[in-house]
Amino acid sequence: NVLILGTGGTSKTACYVIKEMGCQNYHFVSINHESYAISYEEAKKLKDTTVIINTTPCGMYPNIDDLILDISVFPNLLGVIDVIYNPLRTTLLQKAKALGKVYESGLYMLVAQAFYACEMFLEKKLDSSMIDKIYRDLVFEKENIVLIGMPSSGKTTIGLRVAKMLNKDFIDTDEEIKKMIKISISDYFASYGESAFRALEEEVIKKVSLLNNTVIATGGGAVLREVNIERLKKNGKVVFLDRPLDLLEPTSDRPLSSDMTSLKKRYDERYPKYLKASDLIVSNNCSIDEVASVIAREVKK
């Protein structure tokens with residue numbers, strides 16, 4: 001039981017494919033009231049839906065927060081396909097993952113489409129294993145590496161080293177915030193408070209999450225707002241730099257961890273959030289080069 005979201009050219013391709021695979025029960029879903037399509041409100045009533053294919057541009061860059069349909073209303077849903085490939089993981093696919101469903105983006109389809117177009121253009125058969133290789137290379141090239149962790153855990157230092165190793169760009173969200181406010185983060189905290197700072201941080205993270213092929217070092221409190229992690233994961237793998245508390249250092253330029261007592265408090269509060277947000281946990285209790293090499297090796301996998 002398949003729902004095909006949209007009625008453009010790609011929806012016809014999707015329909016052809018599922019019929020070739022033996023599917024007889026499917027519906028096009030549209031906001032344009034085509035005679036052969038149902039509305040999104042009608043679609044929500046089809047509780048026996050097992051597969052959803054999105055062929056609309058909803059959720060595509062730069063409108064990466066958009067969501068076309070609440071898929072949690074389908075109790076029998078097995079999987080979701082989204083033909084969008086920028087970002088790598090749309091909000092729709094993130095919802096599918098959170099619900100434990102099988103999901104796939106449109107990047108592989110894009111590569112395969114180009115491969116078969118090339119065969120036609122050159123009028124010769126090519127090695128189809130090229131599709132997998134090009135796809136893997138593209139994912140590696142497009143995907144960001146997002147570093148999270150406590151203040152003084154080494155996100156900036158290690159991030160710069162990883163970026164150099166993998167030939168990726170580097171950006172530090174705290175530095176981007178400083179460019180906006182023109183004063184130190186400590187002074188901004190003192191004048192405007194934490195809530196105002198978190199709003200600025202969210203604004204910066206929304207912007208940098210649109211980037212590709214970048215190592216992103218985040219502030220220690222970036223995990224405090226779930227929307228930050230959701231956005232960063234659309235194009236990135238989140239790496240938690242897990243540095244033991246006794247190796248962390250309080251400093252005066254970090255307003256919420258300027259002494260050991262406040263640093264420990266932040267550590268206890270945030271540690272579960274770091275674990276929950278991470279795709280990869282890397283212990284940072286050795287040299288910079290060793291930690292950077294571990295991250296680079298794991299990302300290449």
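In this predicted model, the charged end of lysine 168 sits over the ring of phenylalanine 140, 4.8 Å from the ring centre; the criterion is that NZ of Lys or CZ of Arg is within 6 Å of the ring centre and within 35 degrees of the ring normal. Local features need pLDDT of at least 70 and side-chain atom pairs count only at pLDDT 80 or more, whereas totals for chains, interfaces and linings use all residues of the predicted model. Residues are numbered from 1 along each chain as its sequence is written, and side-chain values use heavy atoms, with hydrogens and water left out.

**Aromatic pairs**

- Nine aromatic pairs are found in a search of the whole structure, where rings of Phe, Tyr and Trp (its six-membered ring) pair if their centres lie within 6.5 Å, and planes under 30 degrees apart count as stacked, over 60 as edge-to-face and the rest as tilted.
- The pair of phenylalanine 115 and tyrosine 116 is edge-to-face, because the ring centres are 5.0 Å apart and the planes stand at 85°.
- Phenylalanine 115 counts as buried at 6% relative accessibility, while tyrosine 116 is partly exposed at 43%; buried means under 20% relative accessible area, exposed over 50% and partly exposed in between, with a 1.4 Å probe and protein chains only.
- Phenylalanine 240 and tyrosine 274 form a stacked pair, with 5.0 Å centre to centre and 25° between the planes.
- This pair links distant parts of the chain, since phenylalanine 240 is in strand β10 (residues 236–242) and tyrosine 274 is in helix α11 (residues 260–277), 34 residues apart; helices (H or I, at least four residues) and strands (E, at least two) are DSSP runs, numbered from the N terminus.

**Salt bridges**

- The count of salt bridges comes to 16, each being a side-chain nitrogen of Lys or Arg within 4 Å of a carboxyl oxygen of Asp or Glu.
- Glutamate 143 and arginine 89 meet in a salt bridge at 2.7 Å, N to O, and both residues are buried.
- Glutamate 143 lies in the loop between α5 (129–142) and β7 (144–148), and arginine 89 in the loop between β5 (79–82) and α3 (91–98), 54 residues apart.
- In the salt bridge of glutamate 202 with arginine 225, the closest N and O atoms are 2.7 Å apart, and arginine 225 counts as partly exposed at 28% relative accessibility.
- Asp65, Glu202, Arg225 and Arg231 are linked in a network of salt bridges.
- Within helix α11, glutamate 269 and arginine 266 lie three residues apart, about one turn of the helix, and form a salt bridge whose closest N and O atoms are 3.1 Å apart.
- Of these two partners, glutamate 269 counts as partly exposed at 40% relative accessibility, whereas arginine 266 counts as buried at 11%.

**Whole chain**

- The chain has twelve helices and eleven strands, and its C-alpha trace spans about 65 × 45 × 35 Å along the principal axes.
- Buried residues make up 44% of the 301 residues.
- Among contacts (heavy atoms within 4.5 Å) between residues at least 6 apart in sequence, 68% join residues at least 24 apart.
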